[in-house]
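Q: I would like to go through this structure with you. Could we start with the ligand and then turn to a sheet?

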Amino acid sequence: MAKQTDVIELQKNFALLIDGKLVETKNFLRVINPATEQVFAHCPEADQTHLNAAVSAARQALDAWSSKSYEERANYIQQLAMLLREHRDFLASLLTQEQGKPLSQSVAEIDRGASQSEGIAGIEIPIETLVDDEERYIELQYRPLGIVGIITPWNAPVNLALGPLVSALYTGNTVILKPSPYTPLTTLKMGELMREIFPAGVINFLAGGDELGHEMTKHPEINKISFTGSVETGKKVMASAAGTLKRVTLELGGNDPAIILEDVDPEAVAKKIFFAAFVNSGQVCMAVKRIYAHEEIYEEFCSALAKEAKNAKYGNGLDPENHLGPIQNKMQFNKVVGILEDTKKIGAHFLSGGTVPNTPGYFFPPTLVTDIDENSRLVQEEQFGPIVPILKYKDVEDAIRRANNTLYGLSGSVWSSDRKRATKIAKRLRVGTAWVNQHRATSAYVPFGGAKESGIGRQYSILGLKGYMEPEVLSVVK
Ligand code: NAD
C-alpha cells in the first residue's frame, strides 16, 4: 500500500517527458479527485511547442530503435513490466485518486498492464514466404510505421495506454502518448519511471486537452494515431488524420448486449453479469450495457441481480469496503444523470438505485431498470455509467435482432447451460468479440476491437501488432 507521504510527494512532481528529459510547463491542468470534487493535483499542460519538440525527438530516436531486433525491444518491455510491478501500490493509489475506481481494481489494472505488456512482447511476427517456386521468390515483411501518436480516455488510463504503447514500441516505432486531461497523472508517472529504461526520444509523454489531441492527429510528422475514446471523437480523429493519410486504430464505444437464455441458473449468472455491467461503475467500453433475459427466468434473474446491486457498496475508492467508486468526471456524471431523468420521465421501473445522493463526489448508486422502451436513451445510447436496463424477450430470434439493432458493435455475450446452442447464437452477434458464458475476457494474444461504429482495426495479438506496421512485399525473379 502506498504511504500517504509517497502520495503527497508524488503530487508535487509531475512533468512531461520529452527526449528523455522531464519538462515543466507554464500552464497547468487542474486534476479533480472525483470522490471529493476537490482539485488534488496540478499537472503540466503541453502546447504545440512541446508537441513539436516531442515529434522531433521521436524522429531522431527512430532509426536506432527500429534497427533493434524484436528480442532486444522485448527485453526493454520486460523491464517495463518489472518496473510497473515494483511501483504498483504507489501507481494504484494515484490511479484511484484521479480516476475514482476502488484501489483493488487499480492494483488489478497495473498488474494486468504488466502481464499484458509481457504477453505482447512475446508474440512472433515472422516474415511470410508467399511464393517460392522455380520462377519467383516472394515474401511479405512488416516494417515499423515511424512515429505513433497514442491518445487515451479516462476510464482505464493505465491499461489503455500500455496496450498501444507496448505494441508500438515492440514493433519498432517511437511514441508520443497523450492521456485524457481528466486522468493524466498515473500516465505521466509511468513515463517518468520508464525514462530510466528507454533511450531518449523513444517514448514521449505529453499531458494536454482535446486541442493537443487534435494537433497530434494532423501533425505531418506523426505516422499513425492509435486512439481510444468515444465514437464521436473517433470520427473527428479519422477526418483529421486523413489530411496526411495517417494510419489509424480506433477503439471506440460500445453498447454491449448480454442475452440470457431460459436454461441458466439465474443466481449464478446474475453474479457474473453484475460484475460485467458495474465494474468501474459501468465505465468500461466492453461492459454489459443492455441485458436481454428470457421471460421464463426474467423475474428470478431480475431479483438475483437486484440483490447484487443492493449488496454493492459505493463510495471513495480508497476505502476497501467499497465495491464501486464515483463516476469519473462531472461531464460524464451529468450525462448519466440526464439518462436517469429521461428513464424516469418515460415511466420505467427501478429495481435498484435511481436516486443520486446529495453529497460531494460524483457518486451514483448501481441502478437497474425494467419495463423500459427499446427506443429509450438508456437502451439506445452508450450510458457509460452504473445504470443498466433489463429487457424481456420471448423468442430468441427477437433477442438477437434487438441485440444487433445498434450502430455499436464492440462485443456481446450469450449465457446458457447449453454451450453449443449459446455458441450458435453468439456467432450471430455482429460484434468484434462474442463471448459465451463470460464477458470482458481479453488477452494479449486475442485481437480486440469494434465492428460497425465501435472502431477500426484491432489491438493485441499478431493482428493488432500488424496495425503498427507497414506490410512490404519483396518479389524476386529467379
Ligand atoms: P473522448 O473521446 O472524449 O476522449 C478521449 C481522448 O481523446 C482524450 O484524451 C481527449 O483529450 C482526446 N480528444 C478529444 N477530442 C479530440 C480530438 N478532436 N482530436 C484528438 N483527440 C481528442 O472519450 P472519453 O470520454 O475520454 O472516454 C470514454 C469513451 O471511450 C467511451 O465511449 C468508451 O466506450 C470509449 N472507450 C473505448 C475503449 C475500446 O477499447 N473500444 C476502451 C475504453 C474506452
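Q: How far is an oxygen atom of the ligand from an N or O atom in the side chain of threonine 233?
A: The distance is 2.7 Å, a polar contact (a pair of N or O atoms within 3.5 Å). This is a predicted model, in which local features need pLDDT of at least 70, side-chain atom pairs count only at pLDDT 80 or more, and totals for chains, interfaces and linings use all residues. Residues are numbered from 1 along each chain as its sequence is written, and side-chain values use heavy atoms, leaving out hydrogens and water.

Q: What about serine 230 and tryptophan 154?
A: A polar side-chain atom of serine 230 lies 2.8 Å from a ligand oxygen. For an N or O atom in the side chain of tryptophan 154, the distance to a ligand oxygen is 2.9 Å.

Q: How many residues surround the ligand?
A: There are 31 (each with a heavy atom within 4 Å of the ligand), and Asp210 and Glu382 are among the closest.

Q: Moving on, what is the strand order in the open sheet?
A: The 7 strands (DSSP E runs of at least two residues) run β14-β15-β16-β13-β12-β17-β18, with mixed pairing (at least two DSSP bridges between two strands).

Q: Why is one side of β14 and of β18 left without a neighbour?
A: Both β14 (349–352) and β18 (433–436) stand at the edges with a single partner strand each, so one side of each has no neighbour in the sheet.

Definitions and conventions. A polar contact is a pair of N or O atoms within 3.5 Å; within protein, one must be able to donate a hydrogen and the other to accept it, and residues adjacent in sequence count only if both atoms are side-chain atoms. Helices (H or I, at least four residues) and strands (E, at least two) are DSSP runs, numbered from the N terminus.
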